[in-house]
Amino acid sequence: MSEASPLKLEDLPAGWTVPGHEILVIDRVSRTRQAVVYKARQSSTGRLMALKISLAVDVDDVGRFKREAELLQQLEHPNIGSFYGAGVLQSHPYMIMEWLEGESLSEVLSRKGTLTPEELSVVFSGVCDALQYAHSRDLIHRDIKPSNIFIERTGEGSKARLMDFGMAKPINTNLELTPAGFVLGSPAYMSPEQCTGQKLDCRSDVYSLSCVLYECLSGRKLFIGESNMDAMYKHLHEQPIPIAERPAFSKVILRGLEKSPDSRYQKVADLRRAWEREITKSRFLASLRAQSVLIIPVAVFVVVVVVFYLVGLYQKQ
Ligand SMILES: Nc1ncnc2c1ncn2[C@@H]1O[C@H](COP(=O)(O)OP(=O)(O)O)[C@@H](O)[C@H]1O
Ligand SMILES: [Mg+2]
């Protein structure tokens with residue numbers, strides 16, 4: 001298709017080829033206000049790819065998309081999707097990434113409602129690996145939420161991938177506002193310091209990640225606001241309701257949700273260690289319970305045998 005006939009970028013037909021790349025569109029998989037994502041195939045290799053095109057018109061949003069592409073090129077990690085290429089279509093930047101088979105954590109949650117601590121551990125450790133890698137390069141993600149965590153199905157099981165680095169920024173950069181004067185982020189998962197537009201460091205990602213843990217274990221969002229402002233107000237002033245069904249894990253998560261960054265886990269690694277300690281404890285208790293299922297009948301059997309033996313001895317006398 002020539003550049004002369006304008007394309008509807010949000011509605012590309014199957015079989016359309018990205019100029020300059022041998023990438024054929026198969027199907028649209030996601031569309032938000034900012035971007036559209038297509039499943040595509042590289043005709044020379046047959047490999048599946050994801051084509052993400054910016055739909056933004058605002059210069060800042062376009063700039064963010066370009067930065068995401070630049071960042072992805074630099075990030076190489078097993079829990080972050082690989083980058084294949086980038087370009088511009090009708091003044092809209094696009095990027096090509098490796099195709100991941102699976103579903104986002106938000107889709108998993110709408111299907112299952114909650115995850116058990118064991119199920120959540122697989123997701124959590126992959127996200128922690130990716131985040132610790134980003135933080136070690138002085139980069140904060142700033143948009144940790146279930147729809148930006150992808151659960152890839154692999155031959156060996158499932159693997160979490162951290163997606164969408166469109167909001168990522170170097171640690172301690174200044175407040176960034178939208179043209180309408182709002183701070184950037186997803187209100188349901190924003191740290192108190194993000195809500196007030198302060199300088200952020202990795203503790204802000206610790207808070208957002210704790211919001212995700214809270215939602216996965218309890219099946220409800222930490223705070224539900226009638227508006228974005230309302231949700232942000234709650235992050236600043238409302239205390240989280242503990243997860244009654246999982247008191248030990250709840251305690252860990254609530255520490256990650258402290259309003260003051262100084263009172264929170266200072267690093268993702270600290271949150272991770274506290275979580276893993278609880279996992280180890282719960283596995284130990286589960287194994288004790290499993291053993292008691294065996295031990296009690298065996299003990300009863302032994303007691304019965306001993307009693308019969310003693311009664312036998314007594315009767316002989
Ligand atoms: N590499 C990929 N492989 C498979 N699906 C993807 C890929 N990238 C994005 N998607 C799908 O598109 C959705 C939106 O992607 P994301 O990068 O978060 O875009 P947005 O900036 O519009 O939020 C994801 O939740 C996922 O379902
Ligand atoms: Mg996203």
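A: Let us begin with the whole chain and then work towards the ligand.

This is a predicted model, in which local features need pLDDT of at least 70 and side-chain atom pairs count only at pLDDT 80 or more, while totals for chains, interfaces and linings use all residues. Residues are numbered from 1 along each chain as its sequence is written, and chains are lettered from A and ligands numbered from 1 in the order in which they are written.

The chain is divided into domain 1 (12-98) and domain 2 (102-279), with bounds that come from an automatic or database domain assignment. Between the centres of domain 1 and domain 2, taken over C-alpha atoms, there are 25 Å. Eleven residues from domain 1 and 13 residues from domain 2 make the contact; two residues are in contact if their C-beta atoms, placed from the backbone, lie within 7 Å.

Now for ligand 1. Both domain 1 and domain 2 give residues to the shell around it, so ligand 1 lies between them. A residue is near a molecule if its C-beta atom, placed from the backbone, lies within 6 Å of it. There are 19 residues around ligand 1, and Ser-30, Thr-32, Ala-50, Leu-100 and Asp-164 come nearest. By type, the shell has nine nonpolar, eight polar and two charged residues. Here Ala, Val, Leu, Ile, Met, Phe, Trp, Tyr, Cys and Pro count as nonpolar, Asp, Glu, Lys and Arg as charged, and the others, Gly among them, as polar.

Which strands each supply at least two residues of this shell? They are S2 (23-31), S3 (35-42) and S4 (48-54). Strands (E, at least two residues) and helices (H or I, at least four) are DSSP runs, numbered from the N terminus.

These strands belong to an open, antiparallel sheet of six, in the order S1-S2-S3-S4-S6-S5. Two strands pair if DSSP finds at least two bridges between them. At the edges stand S1 (17-18) and S5 (83-89), each with a single partner strand, so one side of each is left without a neighbour in the sheet. Further in, seven bridges join S3 and S4 in the antiparallel sense, and Val-36 has Ile-53 in S4 as its bridge partner.

Finally, helix H1 (residues 59-74) packs on the sheet and touches S3, S4, S5 and S6 (92-98).

Definitions and conventions
Axes fitted to C-alpha atoms, helices over the stretch in contact; angles between N-to-C directions.
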